[in-house]
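Here are my notes for your first look at this fold. Keep the viewer open as you read.

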Amino acid sequence: MIMATTSLEAQFVTFSLGDEIFAVPVEVVREILDYAEAFKIPNGPDYLLGLRDVRGQGVPTIDLRLKLGMTKTVPTPHTRVLVLDVPMESRLLTLGLVADRVFEVTPFRREQIEAAPDIGVRWRSDYIAGVVRRENGFVVIIDLARLLSREDASALQSAA
């Protein structure tokens, strides 16, 4: 007898920016590359590092640290670029996301994922899809489509 499996857990790729741990759903991650300087694009937003050649495609690469109001990424031997296919309203946006370190693919059970806390300040938390409590702190699950506003998405799209 075959059991119908309703997905009670989802797989996430975890990565760090400074001391913070973040996660994105594994299905949006196309590949993970070693860090390399991106080809600069004039007049782009500050968090847009430039274009990166990924298998013949020019992929806009962003410094998520800057987008989240943190300090600029200082590349180390651990720095990686996650190449993501982010489902936006009417299209798929391919972009590179610079992470200080990529850890692992890890499953989170649905009941582990808590709603984003309302912290009552103007810090934008609308891009947080949820948080997962761990022994050593929290993992913040990022909703990339919400993090990237329409203006961001069209700037990145036109960069490519």
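1. How much of the protein chain do buried residues make up? Buried residues account for 41% of the 160 residues. Buried means under 20% relative accessible area, with a 1.4 Å probe and protein chains only.

2. A word on the source. This is a predicted model: local features need pLDDT of at least 70, side-chain atom pairs count only at pLDDT 80 or more, and totals for chains, interfaces and linings use all residues. Residues are numbered from 1 along each chain as its sequence is written, and side-chain values use heavy atoms, leaving out hydrogens and water.

3. The protein chain has three helices and eleven strands. These are DSSP runs numbered from the N terminus: helices are H or I with at least four residues, strands are E with at least two. The pattern along the sequence is β-β-β-β-β-α-β-β-β-β-β-β-α-α.

4. Six strands form an open sheet with mixed pairing, in the order β8-β1-β2-β11-β10-β9. The edge strands, β8 (101-109) and β9 (113-114), each pair on one side only. Two strands pair if DSSP finds at least two bridges between them.

5. Strands β9 and β10 (residues 128-134) run antiparallel and are joined by two bridges. Glu114 has Val131 in β10 as its bridge partner.

6. Now find Leu156 in helix α3 (residues 150-159). Leu156 is buried, at 0% relative accessible area. Not counting residues up to four places away in sequence, Leu156 touches Leu48, Pro60, Ile62, Leu93 and Leu148; contact means heavy atoms within 4.5 Å. Leu48 is 108 residues from Leu156 along the chain, yet their C-alpha atoms are separated by 7.9 Å.

How values were computed. Buried < 20%, exposed > 50% of the residue type's maximum accessible area, 1.4 Å probe, protein only.
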